[in-house]
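Please keep the model open while reading.

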Amino acid sequence: MKLHEFQAKRIFARYGVPIPKGEVANTATQAREIAQSLGKPVVIKSQVLVGGRGKAGGIKLARTPDEAEAIADQILGMNIKGYTVKRVLVDEAADIQKELYLGLVIDRERRRVVMMASSEGGVDIEEVAATKPEAIHTTVIDPFLGMRSYQAIGLASGINLPKHLFRPFTQIALSLYQAFLGSDAELAEINPLVIQGDGSLLAVDGKMVLDDNALFRHPKLEEMRDLDEEDPAETEARVNGLSYVKLDGEIGCMVNGAGLAMATMDIVKHYGGEPANFLDIGGGARAEKVAAALRIILSDPNVKAVLVNIFGGITRCDEVARGLLTAIDEVKPNVPFVIRLVGTNEKEGRAILAEANFPTATTLAQAAQMAVAAARGETL
Ligand code: GDP
Ligand code: MN
């Protein structure tokens, strides 16, 4: 789950990272009031879950409350990379002398959290990695020892920070690590971390991605989820407890079990088709869950045929068959279906479908070939 800049920065601040004073506004009038109460030049920042807002015109300086109102009015409602701006952060403007980068990610190959720092901040770090990799310094954190001060000092010296900033930089690095750990994050990034005219360090931007699988431990963080910015199909999958990954093909797959879902995708490809998604409806799926899965699959306009592959164990085939019919009745799909049911109560399941004029396939190979043909518009 991605957090907005203002959310990430508030978390960072709780752990001791210095951030600018500021508040979130939903209207231009609110932006004016915030600017007024800050009593200083401000920066108006669109809050959307994408990077590069600055370049897209979603971040602008305002010297007076009047200007803050005018700029907020201009930024609110703006479309940035497909997201409509509904909120802006009004922050005290920073006096930027230099922009640095500081971030934490999980390095899966090393099986460790890695901190990265660069003197080339403010710009896309992927770009720095591609064009000037020597400007990125990293340190690998031992999960049992945690991050140690000397590691932060190593980074500070690597990016040629002035000596007097080593101590505040170390404090920020350790705080960021604690924020990352304490939130079960996958990524925590300050870009830019700036050196101001008065020599102080300040986190001007903040980005955080939380591990969805750990959110149950953080109900307060879960509440920060912005449904407006989540793909509706993914939201529906999440609330219904389905694992769904959208892909680019044309054969929608509804399967129980992650392994079977992978095998189904493989065999679809084997017969020359392309799966439109990975979807695991899980064990013991009831009608509502099947209906949700169907809605999700059919919300993808690329889907030209649906392949249902159910292996009945705890999940009973007759239950799935009934669920499917209810779902089909509700969703009224206009694409062909190929259904394969095997396992517990498969006879009953097939009979229910046959009665409703839905033929079933017996083998997965047969089902996959039928689905590929159906997606091409050939008759079954
Ligand atoms: P991003 O473009 O989405 O990464 O948004 P950032 O918050 O990183 O802002 C982009 C750029 O705007 C920064 O790299 C800065 O150069 C500039 N910027 C952001 N806040 C301020 C500020 O308070 N003062 C000044 N002078 N520039 C700012
Ligand atoms: Mn940034």
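A residue is called buried if its relative accessible area is under 20% and exposed if that area is over 50%, with partly exposed in between, as computed with a 1.4 Å probe on the protein chains only. By that rule, 49% of the 380 residues of the protein count as buried. This is a predicted model, in which local features need pLDDT of at least 70 and side-chain atom pairs count only at pLDDT 80 or more, whereas totals for chains, interfaces and linings use all residues. Residues are numbered from 1 along each chain as its sequence is written, chains are lettered from A and ligands numbered from 1 in the order in which they are written, and side-chain values use heavy atoms, with hydrogens and water left out.

**Overall build**

- The protein has 13 helices and 19 strands, where helices (H or I, at least four residues) and strands (E, at least two) are DSSP runs numbered from the N terminus.
- The C-alpha trace spans about 80 × 50 × 35 Å along its principal axes.
- Taking a contact as heavy atoms within 4.5 Å, residues 24 or more positions apart account for 67% of the contacts with a separation of 6 or more.

**Manganese site**

- The manganese ion (ligand 2) has N191 (O) and D205 (OD) as its protein donors, lying 2.2 Å from it; donors are N, O and S atoms within 2.8 Å of the metal (3.2 Å for Na, K and Ca), and water is not among the atoms, so sites may look incomplete.

- In α3 (residues 65–75), the buried residues are A68, I71, A72 and I75, and they line one face of the helix because they fall within an arc of 105 degrees seen down its axis, the arc being that of the directions from the helix axis to the C-beta atoms.
- The face of α3 turned away from this buried side carries the exposed residues D66 and D73, while the buried residues pack against α2 (28–38), β3 (42–46), β4 (59–62) and β7 (88–92).
- In α12 (residues 346–355), G349, R350, I352 and L353 are buried, and their arc of only 160 degrees around the axis puts them on the same side of α12.
- K347 and E355 are exposed on the other side of α12, and N357, just after this helix, takes a positive phi of about 65 degrees.

**Nonpolar cores**

- A nonpolar core is a set of buried Ala, Val, Leu, Ile, Met, Phe, Trp, Tyr and Cys residues joined through side-chain atoms within 4.5 Å, and the largest one has 39 residues, with F12, L102, M115, L161, F169 and M208 making the most contacts inside it.
- Helix α6 gives the most to this core, with 8 residues.
- A second, separate core of 32 residues includes L294, V308, C317 and A327.

**Strand β17 and its partners**

- In strand β17 (residues 305–312), 7 of the 8 residues are buried.
- Strand β15 (residues 251–255) pairs with β17 in the parallel sense over 5 bridges, pairing being assigned if DSSP finds at least two bridges between two strands.
- β17 and β18 run parallel and are joined by 7 bridges, with I310 standing opposite L341 in β18.
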